[in-house]
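I opened this notebook to record what I looked up in one structure. The entries follow the order in which I consulted it.

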Amino acid sequence: MSHPIKKVGVIGAGVMGATIAAHMANVGLTTVLLDIVPPKMPPDLAKKGVKEDSKAFRNFFSQNGLTGALKSRPASFYIPEDAELITTGNLEDDFNLLADCDWIVEVVIELLNVKKDLLARIEKVRKPGAMVTTNTSGISVAAMSEHLGDDFQQHFFGTHFFNPPRYMKLFEIIPGPKTKPELIESMALFAEKTLGKGVVYAKDTPNFIANRVGTFNLGYLNILMEELDLSIEEVDALTGTVIGHPRMASYKLADLVGLDTLGHVAANVYENTPNDERRVAFQPPAWFKAMIEKGWLGNKTKGGFYKKVKDENGKKKTLVLDYKTMEYREPKKAKFASLEAAKQMPDLQGKLKTLFYGKDKAAAFNFKSSSEGLLYAANRIPEISDDIVNIDNAMRWGFNWEVGPFEGWDLLGLKKSAAKMQEAGYTLPAWVAEMIAAGHESFYKEEAGVRYYYDIPSKSYKPVQVSPDIILLPGLKAQNKLVAGNKGASLIDLGDGVACLEFHSKMNSLGEDIISMVEKSAAIVSQQFDGLVIANHGQNFSVGANLMMVLFTAQEEEWDDLDWAIKKFQDSFMKLKYLDKPVVAAPHQMALGGGCEICLASDKVVAAAETYMGLVEVGVGVIPAGGGTKELLIRNTSERLFEVAKGGLYPKQIPLLPFVARAFETIAMAKVATSAKEAIKMGILRPSDHVSVNADYRIKKAKDTVLALNLEGYTAPRPLNKIRVMGRDAMGVFKYALYNMHKAGFITDHDLVVAAKVAEVLTGGNVLPETEVTEQHLLDLEREAFLSLCGTKGTQARMAHMLKTGKPLRN
């Protein structure tokens with residue numbers, strides 16, 4: 001970077017400011033978090049006798065913000081220890097702490113005068129070259145800094161995080177009128193590589209891109225809901241996953257954001273865009289205003305469009321608002337033929353077409369809401385963005401849409417859908433009409449694995465810019481780089497002698513197709529490549545083994561078949577572990593059960609920071625049997641003892657129990673790491689494994705890791721034949737502890753059975769203390785335990801319940 005960032009100052013310790021500071025600390029940046037001195041003594045401090053000249057009082061807001069970030073759920077920090085990088089202070093005593101910051105971001109109240117005054121103070125203390133940005137969600141960047149010197153304005157611009165900053169990918173960059181272009185480029189690179197963000201370039205217009213388009217869509221739903229006499233829950237049923245939007249859909253999202261916040265955002269657009277052709281959508285209806293007046297602001301006030309209550313039996317239930325009567329009632333299931341038909345479609349394109357071209361009320365709703373949203377987005381070019389790519393990215397990354405507006409329009413069929421809109425009286429934006437007239441049939445197209453977008457100024461297609469640090473597997477397959485494959489997995493040539501094993505089964509669950517491709521890939525890589533990466537672009541890396549197959553085989557009592565399947569599972573992962581070429585796994589999102597085990601079998605792991613990893617098999621009544629129990633034992637004993645022994649102790653002088661107990665607790669409690677950093681902390685991943693904050697970069701990083709291992713002179717690991725175990729005497733210790741937990745009511749009858757099997761494997765089975773066993777011995781114990789548990793009614797009940805509900809059963 002031409003402008004390196006090592007220290008960051010965050011001003012404003014509210015929810016947004018504190019969680020931005022948390023994410024800075026997540027990625028290793030020294031951070032200063034400042035807020036105002038409280039105008040009066042908070043009651044909690046007064047009770048403790050705190051004085052007004054103490055730091056406890058003067059830093060109360062900033063410290064309270066940091067404490068809130070540490071307690072937040074979902075967690076704002078990768079691991080709590082990251083908070084040690086944050087120094088709290090106040091704007092009166094500690095303003096000078098900003099003087100050596102490389103980047104200062106203000107996250108204070110959305111009032112122009114307050115921001116202008118603050119920026120004037122920052123101008124006096126910032127060091128030469130330091131960047132200053134605003135996290136405003138809609139106030140003009142130019143208006144904030146126009147009273148300041150040229151040098152300040154050249155280093156000032158907007159950087160809009162979305163809430164929560166750790167999890168939301170979108171990062172809107174809004175240049176000011178005098179911002180140096182090289183600073184925008186430098187910040188974009190920093191945001192992508194260091195913060196893990198997806199960068200969108202927005203113009204200095206009200207609410208920028210994502211909130212402008214997103215708020216319009218929600219505002220128009222209010223109008224359409226009244227027009228078609230639909231209920232709130234019906235609208236949510238029609239605007240959720242069935243159209244590729246998040247499960248919380250529209251009004252549940254509004255409750256999460258807060259009606260007061262939405263009202264403020266909408267008002268900002270309404271007041272500052274007098275020429276917006278659909279400005280009326282930003283004027284909230286009377287019932288929306290009444291909700292704000294009543295304090296029904298959503299989740300923050302325990303009631304908004306939805307309200308959680310308890311019935312006469314104390315059981316929780318959710319009520320929905322009837323906006324006509326302004327009373328809460330029981331929700332009713334949305335029943336529309338087109339909606340039910342759309343749900344049966346195998347892909348998003350089928351779902352969208354079914355609703356858009358349908359004939360009932362739900363279809364009429366979808367046609368109008370989709371048409372209005374698509375046309376509104378198209379009419380915002382070049383007002384808020386110069387191209388369709390930034391708008392599509394903004395909506396996917398900021399609102400978690402599966403596809404952006406123009407990508408969705410392509411799925412509907414541009415020409416056919418545009419004709420239907422025109423028949424209904426809609427006017428197409430001039431550039432869209434011109435594009436169709438010129439014979440272009442889509443906003444995007446792919447040729448030879450390269451994706452192109454329609455560029456409006458040139459009236460031609462241009463390649464979508466992709467960082468050289470990003471590897472896209474579909475593009476490689478389109479370039480005939482497929483080496484082998486079946487329905488569940490593919491082996492792809494990444495170039496430079498490295499292959500990639502890609503899963504593409506449903507939920508990337510590990511079934512026979514994937515396991516056979518693991519074995520085949522190992523053989524091919526051994527002969528034809530220099531190394532292997534295991535990665536994919538699925539929603540999750542892998543959620544584990546095919547549970548349906550396991551349950552069906554167990555219910556049919558086909559024990560030989562199940563034993564063979566587990567043995568094949570184990571053998572395939574052992575082939576990866578001892579392959580004569582380096583193997584690097586690159587997990588993201590959920591890597592559970594077998595998905596975790598295949599990472600444990602790899603030489604190295606390059607995990608996306610947002611990787612949720614764990615051996616969760618006990619939740620369905622079995623134990624990890626693909627080598628996971630064995631590997632966690634080895635990582636917590638053999639590998640850990642080797643590190644401890646460096647201090648001068650002989651390994652056998654170190655008792656095993658604390659290390660085995662740690663592995664037992666992780667498996668028996670089905671613990672899941674909520675970040676890659678936590679997976680390292682828990683001992684699932686090694687300290688030598690790598691974390692990629694930007695998940696898009698992990699495949700390239702994994703490939704580079706393979707090349708680096710070879711450059712260092714890679715040699716395959718040798719099989720472990722002397723694994724020290726605690727033996728049968730220790731098994732009694734674990735059983736006694738489990739007996740007491742069961743007696744106290746902490747674990748159920750079947751928990752006791754399953755946990756005892758975990759302990760049996762981890763202690764090495766029926767052998768003497770300090771016996772040295774082989775890996776195969778432990779794998780055999782895993783398999784025996786798995787099979788015996790599958791024969792119990794308790795385990796089969798847990799599996800059936802998980803398949804039906806997606807939730808574990810406690811029995």
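**Entry 1: basis.** I note that this is a predicted model, in which local features need pLDDT of at least 70, side-chain atom pairs count only at pLDDT 80 or more, and totals for chains, interfaces and linings use all residues. Residues are numbered from 1 along each chain as its sequence is written, and side-chain values use heavy atoms, with hydrogens and water left out.

**Entry 2: cores.** I looked up the nonpolar cores, that is, sets of buried Ala, Val, Leu, Ile, Met, Phe, Trp, Tyr and Cys residues joined through side-chain atoms within 4.5 Å. Buried means under 20% relative accessible area, exposed over 50%, and partly exposed in between, with a 1.4 Å probe and protein chains only. The largest core has 109 residues, and Y251, F305, F406, W409, W431 and F443 have the most contacts inside it. A second, separate core of 84 residues includes L576, A676, L762 and F786.

**Entry 3: helix α19.** I took helices as DSSP runs of H or I with at least four residues, and strands as E runs of at least two, numbered from the N terminus. In α19 (residues 414-423), the buried residues are L414, S417, A418 and M421. They lie on the same side of α19, because they cover an arc of only 100° around the axis; the arc is that of the directions from the helix axis to the C-beta atoms. The face turned away from this buried side carries the exposed K415, K416 and E423. Among the elements covering the buried residues are α15 (348-356), α16 (361-379), α18 (405-412) and α20 (430-437). After α19 comes G425, with a positive phi near 100°.

**Entry 4: rings.** I found 28 aromatic pairs in the structure. Rings of Phe, Tyr and Trp (its six-membered ring) pair if their centres lie within 6.5 Å; planes under 30 degrees apart count as stacked, over 60 as edge-to-face and the rest as tilted. The centres of F367 and Y426 are 6.2 Å apart and the planes stand at 65°, so this pair is edge-to-face. F367 belongs to helix α16 and Y426 to the loop between α19 and α20, 59 residues apart. Both F367 and Y426 are buried. W431 and Y454 have centres 6.4 Å apart and planes at 10°, so they are stacked. Ring pairs join F406, W409, W431, F443, Y454 and Y461 into a cluster.

Definitions and conventions:
Contact = heavy atoms within 4.5 Å.
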